[in-house]
Amino acid sequence: MCGIVGYIGGREAFPILIKGLHRLEYRGYDSAGIALLDDSNDLRVYKTKGKVSELEQFAQDKNCSGSVGIAHTRWATHGEPNKVNAHPHYSQSEELALIHNGIIENYAVLKEQLIKEGYSFQSSTDTEVLIQLIEYIKKAHNIDLLKAVQIALSQVIGAYAIAVVERSNPDVIIAARKSSPLVVGIGEDEFFLASDATPIIEYTKKVVYLEDEEIAVLERGKDLVIKTISDIEKTPEVKELEISLSELEKGQYPHYMLKEIFEQTQTIQHCMSGRVNIDLNNIALSGFIDNKERFLNAKRIIFTACGTSWHAAQIAKYAIEEFARIPVEVEYSSEFRYRNPVITADDVVIAISQSGETADTLAAIELAKKHGAFIFGVCNVVGSSIARLTHSGCYTHVGPEIGVASTKAFTGQVSVLLMLALAIAKEKGTIAEEKFLRILHEMAHLPEHVEKVLFLNNEIERYAQKFTYASNCIYLGRGYSFPVALEGALKLKEISYIHAEGYPAAEMKHGPIALISNEMPVVVIATNTGMYDKVVSNIQEIKARKGKIIAIVTEGDETVKAMADFCVEIPQTEECLVPIVASIPLQLFAYHIAVAKGCDVDQPRNLAKSVTVE
Ligand code: G6P
């Protein structure tokens, strides 16, 4: 949560910072701010409540010159989203300004001490405490900014990615990270700084990902210096970025979410490319091949994830238990990390995360590592913290996902996890060769199945528009389709603010059935795989209570069609692959309802794409 950007070099900083903030807006968008510096020791801070465009508007008639600056887009943790709490925060003397992504957990104690030293506070944020602390230390010890930041950070408990500028030294930005991501871009006589590489990509491909407790000194005319909090100098490890600028643009689509839904024919293909090998009849996942023994000897597999990634884990549980016969547990990272779970060195812990930065998932990994488990990561963002913290892993390779509601990352995760389940099963000999080959060949057809469903977009749009009135919605599925129901419900509530719940279809009788009336839309995944007849009975039960039935069925189904108010027909496929194909109409359904309601689809209220606070 929160996005931070910095620039120092020969160009005007303002347009670079604003563009960078727009790219990072998925991380938070309740307020934004910028600090600009120039040679005349003029440190100007502009802040606004609301989105980056409001900051841009506000700054229009202000002095926005300067070739050094830092900027921030916020997702509020401490203090309501308003102008005062927006970053950057000045120090007391207004000599320093700081932006921060993360949480300073011991801010209250530090604040009390600073108040005793005569410091006063404008905002209710933890961040302001940090910049006051840096100033206090700097003055008390009469030391330079780098030293003061090092000492201050050694007193801080919590997570941070920060950038600090100093009025009297406009040639330096000091940046540091712990548990929140930070990337330095290295250009020709210029440096960029950002929470991820997207603001940097159009200026340079050379980046350095900071490690925990590292501090970067970005000084005009000098090479990048990296030191730790305890002042050990590190050699910067320069990496080459692989994403392209066009992947970050909306193109002809009105929203990133729609673009990302439509990209799925290619992203699923990309994700399987070189891995699903039809000619050799095998699945080649290097992260698995290199660590085969850990998987084959695993007594148990534990998934840890949040949100949509947790739903992907639920699907993987069905597949791994069915095919590889290894017991699987699926844990919410936020629960797992705090509940003293039993973890042994024989466990394989698989962390799933689109962003690779989710704070709770990172903490869950640390915990599992301490207990000696083998940790495997399934991430989308290359070089992200989770990708680097795990022993091995597998990228989903679906390209940058910018819409806050996850779509292509989910189908990428499910694709990777199914490949993993099948690869383990094949190696263990727990799947019949004929079944393995049938699924493998069917996987190769997934992109065309997805394409067929995307052709139904206009039809889904027309029907979805009827539901803008709804205040509740139920999603039902059984077997592999139960997690699809959970994910479908999550999509709807995230972007349309309609309360939606996913249930295993048979569980409906134990509560949700009481909610059904002629006002209630009920989305049922009723494909002919799995427990079709049982789901048909569940549909009858809804029908008898006058619920509105929206059904996802297999092409050619006549039985459910006769009962449902609206049917989306998806191509026939293997049961374990249904989640990928059936998710697409649910994504479109949620999208079109939200658009019809006039909701901000790409940036829904209160949400952020990457949750780097617990
Ligand atoms: C946030 C996002 C969700 C995402 C979840 C986990 O809540 O809005 O779309 O599923 O975080 O994120 P991760 O990056 O770990 O998959």
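**Sheets, cores and ring pairs in a predicted model**

Helices (H or I, at least four residues) and strands (E, at least two) are DSSP runs numbered from the N terminus, while axes are lines fitted to C-alpha atoms, for helices over the stretch in contact, with angles from 0 to 180 degrees between N-to-C directions. This is a predicted model, in which local features need pLDDT of at least 70 and side-chain atom pairs count only at pLDDT 80 or more, whereas totals for chains, interfaces and linings use all residues. Residues are numbered from 1 along each chain as its sequence is written, and side-chain values use heavy atoms, with hydrogens and water left out.

Strand 1 (residues 3-8) and strand 10 (residues 191-194) run antiparallel and are joined by four bridges, with Ile8 standing opposite Phe191 in strand 10.

A further open sheet is formed by seven strands in the order 5-6-7-8-12-13-14, again with antiparallel pairing. Its edges are strand 5 (89-90) and strand 14 (233-234), each with a single partner strand, so one side of each is left without a neighbour in the sheet. Helix 5 (residues 145-154) packs on this sheet by touching strand 6 (96-104), strand 7 (158-166), strand 8 (169-178), strand 12 and strand 13, and its direction makes about 160° with that of strand 7.

How many of the residues of strand 7 are buried? Nine of its nine residues are, where buried means under 20% relative accessible area, exposed over 50% and partly exposed in between (1.4 Å probe, protein chains only). Gly158, Tyr160, Ile162, Val164 and Glu166 point one way from strand 7, and Ala159, Ala161, Ala163 and Val165 point the other way. Strand 7 pairs with strand 6 in the antiparallel sense over nine bridges, and Asn101 stands opposite Ala161. Strand 7 is also joined to strand 8 by six bridges, again antiparallel, with Val164 opposite Ile174, and these two strands form a hairpin with two residues between them.

We turn next to the nonpolar cores, each a set of buried Ala, Val, Leu, Ile, Met, Phe, Trp, Tyr and Cys residues joined through side-chain atoms within 4.5 Å. The largest of them has 97 residues, of which Phe295, Ile301, Phe303, Phe323, Ile350 and Tyr475 touch the most other members. Leaving aside residues up to four places away in sequence, Phe303 has contacts that include Ala313, Ile320, Val330, Ile350 and Leu417. A second, separate core of 33 residues includes Phe14, Ile34, Leu36 and Cys64.

The structure also holds 14 aromatic pairs; rings of Phe, Tyr and Trp (its six-membered ring) pair if their centres lie within 6.5 Å, and planes under 30 degrees apart count as stacked, over 60 as edge-to-face and the rest as tilted. The rings of Tyr119 and Tyr136 have centres 6.1 Å apart and planes at 90°, so this pair is edge-to-face. Tyr119 is buried, with a relative accessible area of 10%, whereas Tyr136, at 28%, counts as partly exposed. The rings of Tyr463 and Phe566, in contrast, have centres 4.1 Å apart and planes at 15°, so this pair is stacked. Because Tyr463 lies in helix 17 (residues 457-464) and Phe566 in strand 27 (residues 566-570), the pair ties together parts that are 103 residues apart in sequence. Tyr463 and Phe566 also belong to one aromatic cluster with Phe467, Tyr469 and Phe589.

Conventions:
Two strands pair if DSSP finds at least two bridges between them. Contact means heavy atoms within 4.5 Å.
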